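Let us take a walk through a protein together, one stop at a time. Keep the picture open and look up each residue as we reach it.

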Amino acid sequence: MIEINSIDFSKNSGLVPAIVVDNFTGQVLMLGYMNQEALEKTIDTKLVTFYSRTRKTLWTKGETSKNYLHLIDIKTDCDNDTLLIIAKPDGPTCHLGNYSCFGNEKLNTKFLEYLFELIKERKEKLPEGSYTTKLFQSGLNRIIQKVGEEAVETIIAAKNKDRNEIINEISDLIYHLLVMLVEENIELQEVLNNLIERHYQKQKNNPD
């Protein structure tokens, strides 16, 4: 967590912009303003609290709607005059009932990163009763076998045009692929970087 004394409140009449992002999705939820008291209350209560420039008072997000923003972390920009608030929302952030005040819909693609990190943690700690633990204890050959089985089952589901089964089998396949990556000590970001590089290389070679 940040040091409050490091924040520069002097540039905007004692206020700093506070951008709130969803800890789970990484998406921007809203922009508010904090003075030092609001920041202190946010840290103390773990509920994101702002300073209202119109009412000239503190207000905790969700105090009326109960859609609180639970504090996870706070970061500052390079000038220490803007805050990035990482929070877990209880529900829609916007007063209009939308996920975000900017109108964007919730995307769960970042969950892949969360799941990958969880699998890495499972390999490190090997908690009892965990299916992931059993896979790692079984070794690489068993993990590869499971990837193959899930790939075949995905193909069968696609051939049968069973939408729900396709989704279920792809979910199983992705999970086992992530387990294989962790076992092979390959970061998910390496695969993503490779996809990005291939995409832009293709665009470069075929600009039209």
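Our first stop is Asn-35, which sits in the loop between strand 2 (28-34) and helix 1 (36-45). Keep in mind along the way that this is a predicted model. Is Asn-35 buried or exposed? Buried means under 20% relative accessible area, and Asn-35 has 14% relative accessibility, so it counts as buried. Its side chain reaches the backbone nitrogen of Ala-38 at 2.8 Å. If we set aside the neighbours within four places in sequence, Asn-35 is in contact with Phe-9, Gly-14, Leu-15, Tyr-51 and Leu-58.

Now compare another loop residue. Leu-96 is found in the loop between strand 6 (83-89) and helix 2. With a relative accessible area of 62%, Leu-96 is exposed, because the cut-off for exposed is over 50%.

Next, turn to helix 3, which spans residues 131-138. At its start, a side-chain oxygen of Ser-130 comes to within 3.2 Å of the backbone nitrogen of Thr-132. Which residues of helix 3 are buried? They are Thr-132, Thr-133, Leu-135 and Phe-136. These residues cover an arc of only 160° around the axis, so they lie on the same side of helix 3. The face turned away from that buried side carries the exposed residues Lys-134 and Gln-137. And what covers the buried residues? The cover includes helix 2 (111-125), helix 4 (140-159) and helix 5 (163-183). Just after helix 3 comes Gly-139, which takes a positive phi of about 100°.

Side chains of opposite charge can pair when their charged atoms come close. In helix 4 you will find Glu-150, which counts as buried because its relative accessibility is 5%. The side chains of Glu-150 and Lys-146 meet in a salt bridge, at 3.6 Å from N to O. Because they are four residues apart in helix 4, Glu-150 and Lys-146 are separated by about one helical turn. Lys-146 is buried too, at 11% relative accessibility. Another salt bridge joins the side chains of Arg-142 and Glu-149 (3.8 Å, N to O). Arg-142 is partly exposed at 31% relative accessibility, and Glu-149 is partly exposed with a relative accessible area of 28%. Put together, Arg-142, Lys-146, Glu-149 and Glu-150 are linked in a network of salt bridges. Not counting residues up to four places away in sequence, Glu-150 also touches Glu-169, Asp-172, Leu-173 and His-176.

How many salt bridges does a search of the whole structure find? The search finds eight. One more to look at is the pair Lys-120 and Glu-187, whose closest N and O atoms are 3.1 Å apart. Lys-120 lies in helix 2 and Glu-187 in the loop between helix 5 and helix 6, so this pair ties together parts that are 67 residues apart in sequence. Lys-120 is partly exposed at 27% relative accessibility, as is Glu-187 at 34%.

Ile-186, Val-191, Leu-192 and Leu-195 make a nonpolar surface patch of about 280 Å². Leu-195 lies in helix 6 (residues 188-205) and is partly exposed, with a relative accessible area of 47%.

Notes. Residues are numbered from 1 along each chain as its sequence is written. This is a predicted model: local features need pLDDT of at least 70, side-chain atom pairs count only at pLDDT 80 or more; totals for chains, interfaces and linings use all residues. Side-chain values use heavy atoms; hydrogens and water are left out. Buried means under 20% relative accessible area, exposed over 50%, partly exposed in between (1.4 Å probe, protein chains only). Helices (H or I, at least four residues) and strands (E, at least two) are DSSP runs, numbered from the N terminus. The arc is that of the directions from the helix axis to the C-beta atoms. Contact means heavy atoms within 4.5 Å. A polar contact is a pair of N or O atoms within 3.5 Å; within protein, one must be able to donate a hydrogen and the other to accept it, and residues adjacent in sequence count only if both atoms are side-chain atoms. Patches are made of residues with over 30% relative accessible area and no salt bridge: like charges are joined within 9 Å, nonpolar side chains (Val, Leu, Ile, Met, Phe, Trp, Tyr) within 5 Å. Accessible areas come from the Shrake-Rupley method with a 1.4 Å probe; for residues, only the protein chains shown count as cover. A salt bridge is a side-chain nitrogen of Lys or Arg within 4 Å of a carboxyl oxygen of Asp or Glu.
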